Amino acid sequence: MEYRCTPDLAQQALEADRGVGVLLPCDVAVSQAGDGSTVQVLDPQTMVWVTGRPELQPMAGEAGRRLGAALAALRS
């Protein structure tokens with residue numbers, strides 16, 4: 001599985017706060033767990049919480065929705 005930052009959401013977040021680049025939810029950790037796999041992602045709300053910048057909320061919400069959909073697709 002491969003996941004990359006969604007350029008449109010990343011750009012919007014960076015325009016709101018350049019320092020948020022280190023908090024973008026671009027990484028996915030995949031590890032073996034018995035006969036299956038474990039997939040972990042960073043909650044996009046972390047960038048809102050850590051920075052205290054409410055203007056990042058729309059991007060975090062959309063990124064969370066997309067990540068949730070991707071994780072749900074993996075479960076099925």
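The legends below describe close-up views of a predicted model. Residues are numbered from 1 along each chain as its sequence is written, and side-chain values use heavy atoms, without hydrogens and water. Because the model is predicted, local features need pLDDT of at least 70 and side-chain atom pairs count only at pLDDT 80 or more, while totals for chains, interfaces and linings use all residues.

**View 1. The largest nonpolar core has 13 residues.** A nonpolar core is a set of buried Ala, Val, Leu, Ile, Met, Phe, Trp, Tyr and Cys residues joined through side-chain atoms within 4.5 Å. Buried means under 20% relative accessible area, exposed over 50%, and partly exposed in between (1.4 Å probe, protein chains only). The members that touch the most others are Ala-13, Val-20, Leu-24, Met-47, Val-48, Leu-56 and Met-59. Two or more residues each come from helix 1 (7-16), helix 2 (45-51) and helix 3 (57-75). Helix 1 contributes the most, with 4 residues. Helices (H or I, at least four residues) are DSSP runs, numbered from the N terminus.

**View 2. The surroundings of Leu-56 are shown.** Which residues are in contact with Leu-56, leaving aside its neighbours within four places in sequence? They are Ala-13, Ala-16, Val-20, Met-47, Val-48 and Thr-51. Contact means heavy atoms within 4.5 Å.

**View 3. A salt bridge links Arg-66 and Asp-8.** A salt bridge is a side-chain nitrogen of Lys or Arg within 4 Å of a carboxyl oxygen of Asp or Glu. Side chains of opposite charge can pair when their charged atoms come close. The structure holds 5 salt bridges. In the one between Arg-66 and Asp-8, the N to O distance is 3.6 Å. This pair links distant parts of the chain, with Arg-66 in helix 3 and Asp-8 in helix 1, 58 residues apart. Arg-66 is partly exposed at 30% relative accessible area, and Asp-8 is partly exposed at 38%.

**View 4. Glu-62 and Arg-65 form a salt bridge.** Their N to O distance is 2.6 Å. Both residues lie in helix 3, 3 residues apart, which is about one turn of the helix. Glu-62 is partly exposed, with a relative accessible area of 22%. Through salt bridges that share partners, Asp-8, Glu-62, Arg-65 and Arg-66 are joined into one network.

**View 5. Arg-53 and Glu-55 meet in a salt bridge.** The side chains are 2.5 Å apart, N to O. Arg-53 is partly exposed, with a relative accessible area of 28%. Glu-55 is also partly exposed, at 36%.
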